[in-house]
Amino acid sequence: QLQLVESGGGLVQPGGSLNLSCTTSGFSLDNYAVGWFRQAPGQEREWLSCISTNAVSSKYVDSVKGRFTISRDNAKNTVYLQMNSLKPEDTAIYYCSTYRTFVNDICVSKDTRYNYWGQGTQVTVSS
């Protein structure tokens with residue numbers, strides 16, 4: 001069974017940092033692009049970032065560019081989201097998701113492309 005597990009969330013002060021991890025079980029990440037999404041209370045799910053299977057390509061939504069960095073370690077079946085300069089408006093549940101592809105150097109932001117989802121990890125930015 002394909003599973004994704006997010007970790008690394010928590011409570012952090014404004015300006016602080018967190019490093020989220022998304023680890024898979026039941027399958028290898030080698031042929032899967034990975035995206036990070038978030039959903040704040042009362043808001044729709046928002047795509048944040050994605051990384052291609054070979055890590056050559058990554059994309060970010062404008063609101064996190066320059067603050068968040070996505071990376072992956074296929075040997076560990078893990079994708080990371082390093083989040084710096086966090087703001088109260090970054091408070092949300094953060095999800096990783098993935099889809100299988102043999103196009104190695106592209107990832108997409110359209111969430112309907114993503115097939116498998118983790119349960120999410122809570123990030124709270126507050127003083």
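Trainee: How many bridges join β4 to strand β5, and in which sense do they run?

Mentor: Five bridges join β4 to β5 (residues 46-51), and the two strands run antiparallel. Strands here are DSSP runs of E with at least two residues, helices are runs of H or I with at least four residues, and both are numbered from the N terminus; two strands pair if DSSP finds at least two bridges between them. Before we go on, note that this is a predicted model, in which local features need pLDDT of at least 70 and side-chain atom pairs count only at pLDDT 80 or more, whereas totals for chains, interfaces and linings use all residues. Residues are numbered from 1 along each chain as its sequence is written, and side-chain values use heavy atoms, with hydrogens and water left out.

Trainee: Which residue stands opposite Gly 35, and what sits between the two strands?

Mentor: Gly 35 faces Cys 50 in β5. The two strands form a hairpin with six residues between them, and Gly 42 in the turn has a positive phi of about 75°.

Trainee: What else does β4 pair with, and is it buried or exposed?

Mentor: β4 also pairs with β9, in the antiparallel sense and over eight bridges, and in that pairing Ala 33 stands opposite Tyr 99. Seven of the eight residues of β4 (residues 32-39) are buried, so the strand is largely enclosed by the rest of the structure. Buried means under 20% relative accessible area, exposed means over 50%, and partly exposed lies in between, using a 1.4 Å probe and protein chains only.

Trainee: Which residue in the hairpin of β7 and β8 takes a positive phi?

Mentor: That is Asn 77, with phi near 50°, in a hairpin that has four residues between the strands. Most residues other than glycine have a negative phi. Ser 85, in the loop between β8 and β9, also has a positive phi near 50°, and Ser 85 is partly exposed, with a relative accessible area of 42%.

Trainee: Switching topic, is Arg 67 buried or exposed?

Mentor: Arg 67 counts as buried, at 10% relative accessibility, and it lies in the loop between β6 (58-60) and β7 (68-73). Apart from neighbours within four places in sequence, Arg 67 is in contact with several residues, among them Met 83, Ser 85 and Asp 90.

Trainee: Zooming out, what does the secondary structure of the whole protein come to?

Mentor: The protein has zero helices and eleven strands. Its radius of gyration is 14 Å, close to the 14 Å that the globule rule gives for 127 residues, so the protein is as compact as a globular protein of that length; the radius is taken over C-alpha atoms, and the rule is 2.2 Å times the number of residues to the power 0.38. The C-alpha atoms fill a box of roughly 45 × 30 × 25 Å along the principal axes.

Trainee: How much of the protein is buried, and how many contacts join residues at least 24 apart?

Mentor: Of the 127 residues, 43% count as buried. Among contacts between residues at least 6 apart in sequence, 60% join residues at least 24 apart.

Note on methods: Contact means heavy atoms within 4.5 Å.
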